[in-house]
There are 2 protein chains.
Amino acid sequence: MKTRHAQNLLVAVLIGALALAATVAQADDPLPSWNDTAPKKAIVAFVERVTKEGSSDFVPPNERIATFDNDGTLWAEQPLYFQFLFAIDRVKALAPQHPEWKTKEPFASLLKGDTKTALTGGEHAFLEIVAATHSNLTTEEFDRIVKEWLATAKHAKTGRLYTEMVYQPMLELLAYLRANGFKTFIVSGGGVEFMRTFADKIYGIPPEQVVGSTGKLKFDLRDGTPVLVKLPEVQFIDDKDGKPVGIQMNIGHRPIAAFGNSDGDLQMLQWAAAGSGARFCLYVHHTDAEREWAYDRNSSIGRLDKGLDEAKAKGWTVVSMKDDWKTIFPTSKN
Amino acid sequence: MKTRHAQNLLVAVLIGALALAATVAQADDPLPSWNDTAPKKAIVAFVERVTKEGSSDFVPPNERIATFDNDGTLWAEQPLYFQFLFAIDRVKALAPQHPEWKTKEPFASLLKGDTKTALTGGEHAFLEIVAATHSNLTTEEFDRIVKEWLATAKHAKTGRLYTEMVYQPMLELLAYLRANGFKTFIVSGGGVEFMRTFADKIYGIPPEQVVGSTGKLKFDLRDGTPVLVKLPEVQFIDDKDGKPVGIQMNIGHRPIAAFGNSDGDLQMLQWAAAGSGARFCLYVHHTDAEREWAYDRNSSIGRLDKGLDEAKAKGWTVVSMKDDWKTIFPTSKN
């Protein structure tokens, strides 16, 4: 019993030492890729306010919900949303099985490498491409195909894998929030099953904390084995007005902090901002043509126009990628 | 510094002692309201198999997903689903504002206390009652109304609050699974916003882990303040084939354990059972006419017919409430 006691004591001391070491390491600088400009100061001040016990702004851990857009907020989105680049590659891969695509738009133009013409058909053309590439597959087949693509396809401008085009400062921000008891969610217009293939590994966000657009699914028994088949029909679009709706349906609390980069995120930020108590809203502003891209009010991808005005009017935090971030992408590619 | 050291040591020792105390308390008997019959043994054996590191059946904590039906599995559901009893009370409360209901079915019969006649209109009548009582409210208004009802309305047979008609053995099971690193979810045909009003407090299941049926929501700005308004339209029905779909949309992993009580849960159990590695499926069988209710193959509420056959064929665990549970409802009312 004496030995048992001594062992327990040793374990307890080690636990205490580890906890102390973790605190010290974190105190160093949780956001090393952020310059010491206003956005970093605002983030740290907010986190300290809501986590300080006894403070009037204290928020209990179960309500520390933070929601993040994905495209343009956690990873890049130019020249086209990466999921759409996946769809284009998938059209090319499937073309031998679809000889009719050679003469049928929008596929014919895509196969010639002319995305612009393919997309003159607007939303209808877009949905047709998504339906042709994202359906009539089981959820497990789709998962495998996306993972294979992400493991090999490279971005034309940077030569990086797409999962290497995540923003290092945002990875640090996610980790910093979680270290302070926040539960981090993705709330994005992207397809939920596309994002889940990498969100856990790259962002540390598990599948059940990814909210996105969904297609209809059909439960089926194939030779007695149940499968879920992706149908070519939209179930829910998690963009603009849809973001607060997606948050309510899937999360059921109002976030106290919300992060976006476009007008598609405006309603999510409004919804977060309008709750009671301390709130934090942040827009990532793409201002760095050299290290990333510079675009806002006139971009067809990730347009930030009304949101930029509202952020200024309401005193939300706006990150200038050029001025506020030391690095954009992770230094070591994965 | 010496005092600081001593303090750290003391804190560390206390943490160690608490951890030890918790382990001992749990080792005592995590499921005291379960008789020592086959179901309890099967539950404990499964949990030990998947949590034993180095074992071929070991499942890492992030994949220890357990899904529970609510009506009839975690709380009672007779003589009618409790959410429908809420709707009936709500029709009565709203009747003064709807003089036309005096002569309009299904409302006229409901107001006379004749639920049976009201429901002869079938699914159409049911949806009309739900729409009239669950929509044209903001999500916050609805939350408040349900909480008021749950705090005061009593069950006609037991005289208990509805939240006191949860099953004590299932509360213990939820806690036991969580103590072993499981993440517990509700996956139920009930309305997600109805269930969230009490799931955290009663079951320890937070809003983001409640999956249910949903109505459409509309984001609106009222005098500049964003609200979500419940519309009288169905978005998703989380029952039967819909349960694996709801699991995939909202959770994104396949559960390794699933718990239900009716044919409406069969596809969820099939979906859980068909994954690779150790799996656990359990049906609660309502066999206790004295302490609760006895019903299965011929009940219109919570019918268990095909599910009972499949459970027997596949060796799933079937709990007989009469034989396997020492107590049904919590002894001390809340």
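I take buried as under 20% relative accessible area, exposed as over 50%, and partly exposed as in between, with a 1.4 Å probe and protein chains only. I am working on a predicted model, where local features need pLDDT of at least 70, side-chain atom pairs count only at pLDDT 80 or more, and totals for chains, interfaces and linings use all residues. Residues are numbered from 1 along each chain as its sequence is written, chains are lettered from A and ligands numbered from 1 in the order in which they are written, and side-chain values use heavy atoms, leaving out hydrogens and water.

**Entry: R297(A) and its partner**

I looked up R297(A) and found 26% relative accessibility, so I log it as partly exposed. R297(A) makes a salt bridge (a side-chain nitrogen of Lys or Arg within 4 Å of a carboxyl oxygen of Asp or Glu) with D309(A), the closest N and O atoms being 3.0 Å apart. Because R297(A) is in the loop between strand 7 and helix 12 of chain A and D309(A) is in helix 12, the pair ties together parts twelve residues apart in sequence. D309(A) is also partly exposed, at 42%.

**Entry: strand 7 of chain A**

For helices (H or I, at least four residues) and strands (E, at least two), I use DSSP runs numbered from the N terminus. In strand 7 (residues 280-285) of chain A, six of six residues are buried. F280(A), L282(A) and V284(A) cover one side, while C281(A), Y283(A) and H285(A) are on the other.

Which strands pair with strand 7 of chain A in the parallel sense? Pairing needs at least two DSSP bridges; strand 6 (residues 257-260) of chain A has four with strand 7, and strand 8 (residues 317-320) of chain A also pairs with strand 7 over four. H285(A) has S320(A) in strand 8 as its bridge partner.

**Entry: salt bridges in chain B**

I moved on to K243(B) and D69(B), whose side chains meet in a salt bridge at 3.0 Å, N to O. K243(B) sits in helix 10 (residues 242-250) of chain B and D69(B) in the loop between strand 1 (65-68) and helix 3 (82-94), so this pair ties together parts 174 residues apart in sequence. Buried or exposed, I asked of K243(B)? K243(B) is buried at 0% relative accessibility, and D69(B) is buried at 5%.

D36(B) and K40(B) meet in another salt bridge, at 3.2 Å. Here D36(B) is exposed at 55%, whereas K40(B) is buried at 7%.
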